[in-house]
Amino acid sequence: MDLASRQVEAARVSVAGLDTTVSRLADGTIREIVLASTADPDRPLPVSSAASEWRASVGELAFSGIEASFVDAITEPPLVYTIRDGRASLKNLKTGSAEPTELDFLLPFAEGGSVALLGSVAADGSSADLRLKLDELALAPLAPLVAQRTTLVLESGTISSDAMIGYRGAPDAPPSVE
C-alpha cells in the first residue's frame, strides 16, 4: 500500500464465511438497499478529480462459505431460496484497467441444485462473456409465484441449463445481448 501515491495492491484477498439475508417486502422494496441508499436524489454526488483518485489492484478476491437467503414476501407464502456453502472468485480487479475481470461463482442451494457463473467482464462494464449453468435447480420454491400468476399448482421439479451470454455496450447505442 502506497498512501502517498493513493495506491493499494494485493495479490489475494480471501473472505471466509459470508452470511446475509436479502428480503423483498410485500410492498416491493428491498430492505437492505433502502437502508444503504442515503444519498439525497436532488443533490448530485461530488465528482473527484483524477489526481485525487485512489488506484487499487487485487489479483484475486475470493469468498468461501457463502450463506445467503433470498426472501420475497411479494408472494404468500414468501418465495425463499437459500445458498449453502457457496464460493465466488474475482480475478484481475484493477481500477482504470482495460483488462477484463475474470469471475467464477458456484452457488449451491439448500432447496436443491446449483447455479454457476463463469467468464469475464470488462472493467468498465462495456462487455461481458459469461457461461451460466443451472444444475437441477429446484423449482418448488417458485410455487407461490406460479400460483399468484396462473391457475397451475407447482409441486416439484428441477431445471438445468447451460448458456453462453455475450454482452456488448457502447456509449451511444443501446446494449446488445447475444
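Apart from neighbours within four places in sequence, Val115 is in contact with Phe105, Leu106, Leu107, Phe109, Leu132, Lys133, Leu134 and Leu137, where contact means heavy atoms within 4.5 Å. This is a predicted model, in which local features need pLDDT of at least 70 and side-chain atom pairs count only at pLDDT 80 or more, while totals for chains, interfaces and linings use all residues. Residues are numbered from 1 along each chain as its sequence is written, and side-chain values use heavy atoms, leaving out hydrogens and water.

Val115 belongs to the largest nonpolar core, which has eleven residues, including Ile66, Tyr81, Phe109 and Leu137. A nonpolar core is a set of buried Ala, Val, Leu, Ile, Met, Phe, Trp, Tyr and Cys residues joined through side-chain atoms within 4.5 Å. Strands E2 (55-72), E3 (79-94) and E6 (127-138) each give two or more residues to this core, and E3 gives the most, with four. Helices (H or I, at least four residues) and strands (E, at least two) are DSSP runs, numbered from the N terminus.

## Salt bridges between strands

The whole structure contains seven salt bridges, each being a side-chain nitrogen of Lys or Arg within 4 Å of a carboxyl oxygen of Asp or Glu. In one of them, Arg12 pairs with Glu60, with the closest N and O atoms 3.0 Å apart. Arg12 lies in strand E1 (residues 7-24) and Glu60 in strand E2, 48 residues apart. Glu60 counts as buried because its relative accessibility is 16%; buried means under 20% relative accessible area, exposed over 50%, and partly exposed in between (1.4 Å probe, protein chains only).

Asp129 and Arg168 form another salt bridge, at 2.8 Å from N to O. Asp129 is in strand E6 and Arg168 in strand E7 (residues 158-170), so this pair ties together parts 39 residues apart in sequence.

## The loop at Glu99

Glu99 is found in the loop between E3 and strand E4 (101-108), and it is partly exposed, with a relative accessible area of 43%. The side chains of Glu99 and Asn92 are joined by a polar contact of 3.3 Å. The C-alpha atoms of Glu99 and Ala122 are separated by 6.7 Å, although these residues are 23 apart along the chain.

## Confidence

The chain has a mean pLDDT of 86, pLDDT being the predictor's confidence in each residue, from 0 to 100. Confidence is lowest in helix H1 (residues 31-36), at a mean of 54, and highest in E4, at 98.

Key:
Polar contact = N/O pair within 3.5 Å; in protein donor to acceptor, adjacent residues only side chain to side chain.
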